[in-house]
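Thanks for coming. I will go through one protein model, from its surface and fold down to a few side chains.

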Amino acid sequence: MIDGGETAVNLGVLGPLSVQVEDELHTPSAPKMRSVLATLLVHADQVVPVSSLIRELWDENPPVSCLTTLQTYILNLRKLLASATGMDTSEVAAEMLVTRSGGYLFRINRGDLDVHRFHQLVADGRRALSSGDDETALSTLSSALQLWRGPALVDVVVGSILEGRRQQFEESRLVVLEYLVDTQLRLGMYREVLTELAALTADNPYHEGLHIQYMRALYLNGRRAQALEVFQRLRVNLVNHLGLDPGPLAQQLHRSILNAEAIDAQGGLRRPTGDIVRMSSSGAARVY
């Protein structure tokens, strides 16, 4: 945690923007101040150029006074952080929200920011999956997802920079959800995953990986007709909106369900072996 005397500061971007000191919120209310803070937080411990902050705030049409206005936002953020932590504004400027050549840097410690804790838990979960420890993976990945308080940066007006990071965070969340559901299915938790998968497939109508898992879970629960309906819904969405047919994995599972063949509950996503295989919103595999 950021140490301001005895004060710990928790910072959040996985949901509403949050600056919390102990049990009290100190998040700025002004929209552009929130955008500045969010941009600095998603690039924590990196220098964010002044030009990038100006582009995030005003796109390609900054006012003549943009530099002075940005400096005012930075000053006000330092005052807010000083008030929240009990530090002097000069200490905040030296230790937390730091001026660097050409830009600003928000310095944090390990565990200050929710998205950093999320990535650490995901890394731990991946290691558990790689070693075949599904019980630990289930617990760790569940803990990672519990850090989410809603859609990333849900209450921040985002420009091009924040939108890119927001999409990156949301994609990471979907990847983790896929691995968690796959782990639950391997552990025989067929009924437990149905409600979550119903919501996920409704929210992500073109995501083949999630639909495949939903089909498997329904079929393993003895709900063959509903599993076939999920495939048809996926196919209609892909054909009508993207001009694509479902991929080979979805079609193979559809044939197995149609023919009432036995399917293996262990046959979901591959366990990660170093690189993690992520599914894009269209279901195409990407390696990171």
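The accessible surface of the protein comes to about 13,800 Å², and carbon and sulfur atoms hold 49% of that. Those areas come from the Shrake-Rupley method with a 1.4 Å probe, and for residues only the protein chains shown count as cover.

On conventions: this is a predicted model, where local features need pLDDT of at least 70 and side-chain atom pairs count only at pLDDT 80 or more, while totals for chains, interfaces and linings use all residues. Residues are numbered from 1 along each chain as its sequence is written, and side-chain values use heavy atoms, with hydrogens and water left out.

Confidence next. pLDDT is the predictor's confidence in each residue, from 0 to 100. Its mean over the protein is 89, and 89% of the residues reach 70 or more. Over residues 268–288 it is below 50, although this stretch has 55 contacts in the model beyond near neighbours in sequence. A contact means heavy atoms within 4.5 Å. Residues 1–5 also stay under 50.

Now the fold. There are 11 helices and 9 strands, taken as DSSP runs numbered from the N terminus: H or I of at least four residues for helices, E of at least two for strands. Of the contacts with a separation of 6 or more, 63% are between residues 24 or more positions apart. One such case in sequence is N10 and G111, 101 residues apart, with 8.2 Å between their C-alpha atoms.

How much of the protein is buried? Of the 288 residues, 48% are; buried is under 20% relative accessible area, exposed over 50%, and partly exposed in between, with a 1.4 Å probe and protein chains only. The largest nonpolar core has 82 residues, and F118 is among those with the most contacts inside it. Such a core is a set of buried Ala, Val, Leu, Ile, Met, Phe, Trp, Tyr and Cys residues joined through side-chain atoms within 4.5 Å. Helix α7 gives the most to this core, with 10 residues.

The structure holds 1 aromatic pair. The criterion is ring centres of Phe, Tyr or Trp (its six-membered ring) within 6.5 Å; planes under 30 degrees apart are stacked, over 60 edge-to-face, the rest tilted. F118 lies in helix α5 and W148 in the loop between α6 and α7, so the pair ties together parts 30 residues apart in sequence. F118 is buried at 2% relative accessibility, and W148 is buried at 10%.
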